[in-house]
Amino acid sequence: MSAKDVTAARTAGRLLRPSEKVLPEHARVHNRALVLQTLYGSGRQSRADVARSTGLTRVTVSDLVAELMADGLVVELGPRETPPSESVQRGKPAILLDIDRASFNIIGIDLGGHSVFRGAVLDLAGTVLHESELPLPNGVPEGGAAAIERSFALVEGLIGAVSAPILGIGVGSPGIVDASGTVLSAPNLGWQHEPLQARLAEQFSLPVAVMNDANAAVLAEHSFGEARGDLMVVTVGQGVGSGLVLGGGQLFGSHHAAGEIGHVVVDPDGEPCRCGKSGCLETWLAIPRLQAKLEVSATSAARDEVLREAGRRLGIALAPIVGVLDLDEIVLSGPASYLDGALIEAADATLRARTMAAFSGQLTLRMSTLGDDIVLRGAAAAVLSRQLGFS
């Protein structure tokens, strides 16, 4: 990563992946995370390999590896296999190392569903080991204290399913969430200034990371998906949101509301929105709105036109973002039966028609490959980043 990229990341937020040495007073924690990130990303490296990759001395790497092995995070895999002719010349083969991805479990929670709260037990690789759902009464989100109690019950059940020590609890919540894990506003759950992170930590005596569900989704795409640079993930469900990774760091904004595109007006004469305005992107793209429009469409051609029109409105909302941020890719996350096909094709065409070809020509607009587990896996990545310093 260049110096320019590092500076950009620091203005956006803490780097998600350590990539350089730091001042002596911060060195040990940072260098520990740097070794973990190197092994997590590449795996099966010797101590000498890690030293070359990180720029750290072999003595420092050996010291850190011994500490990480004692903590159960790193394991030795055995000697590197080398051809007999080379082994005679090189002497004793190097011992390979890797992250022990089964050493800890993470509990991930997704509170953004319309009819269910979802949770999972994951390993350090973000692999889902066990899943659980709690249906919401009458298929609609509960509000206030009831939603808190239901989230507690979901975590309690998942704790009973773990197979290793718990590294932490990660939560993706709808609404605006600040850096302390307080949900400043989540109308669907009836939360205003709800200290969810603090309440979960007190209840379960475990480290907790709470973030907006779209921010969790972009973190999942960055850590476990196919992300290749500056990235925006647009989540489509009960509402519409987005998360951003720029220069290796997440962008949250001055008021913790970066990516709240669902209430950008794309049709001033459009339908009323629950926020009080008319013609917001959510009135076109939120799944309940799409379902309602599709149900009254008599033919397949009419249904395709509904999806194309929703895609065009999405393209209108995305064009100025692409013009400002010069993104590498935009990823859609949500039901493929609605988003893939006519909708994403119309969004792509509209986006390119409204931006300079010199920039948008390099942009990729695609569906996420992480499916319904994207927020759960992003919540796990948030715990990895906060507790161990890598993702």
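Me: Which element gives the largest share of the lining of the largest pocket?
Reply: This is a predicted model: local features need pLDDT of at least 70, side-chain atom pairs count only at pLDDT 80 or more, and totals for chains, interfaces and linings use all residues. Residues are numbered from 1 along each chain as its sequence is written, and side-chain values use heavy atoms, without hydrogens or water. Helices (H or I, at least four residues) and strands (E, at least two) are DSSP runs, numbered from the N terminus. The largest share is three residues, and they come from α10.

Me: What is the volume of the largest pocket?
Reply: On a 1 Å grid over the protein atoms alone, a pocket is an open set of points where a 1.4 Å probe fits, with protein on both sides within 12 Å along at least five of seven lines. Points join across faces, edges and corners, and the volume is the space filled by probe spheres set on them. For the largest pocket this gives about 1200 Å³.

Me: Which residues lie closest to the centre of the largest pocket?
Reply: Lining residues have an atom within 4 Å of a point. There are 48 of them here. The closest to the centre are Gly112, Asp213, Val236, Gly237 and Gln238.

Me: What is the order of the strands in the open sheet of five?
Reply: Two strands pair if DSSP finds at least two bridges between them. The pairing here is mixed. β14 and β16 stand at the edges with a single partner strand each, so one side of each has no neighbour in the sheet. The order is β14-β13-β12-β15-β16.

Me: Which strands does helix α11 touch?
Reply: Contact means heavy atoms within 4.5 Å. Helix α11 (residues 300-325) packs on the sheet. The strands touched by α11 are β12, β13 and β15.

Me: How many bridges join β12 and β13?
Reply: These two strands pair in the antiparallel sense. Thr235 stands opposite Gly241 in β13. The count of bridges between β12 and β13 is six.

Me: Which strands are the edges of the open sheet of three?
Reply: That sheet runs β1-β3-β2, with antiparallel pairing. β1 and β3 share two bridges, and Ser46 stands opposite Leu96 in β3. The strands that pair on one side only are β1 and β2.

Me: What percentage of the chain is buried?
Reply: Buried means under 20% relative accessible area (1.4 Å probe, protein chains only). The chain has 391 residues. Buried residues make up 51%.

Notes. Axes are lines fitted to C-alpha atoms, for helices over the stretch in contact, and angles run from 0 to 180 degrees between N-to-C directions. Buried means under 20% relative accessible area, exposed over 50%, partly exposed in between (1.4 Å probe, protein chains only).
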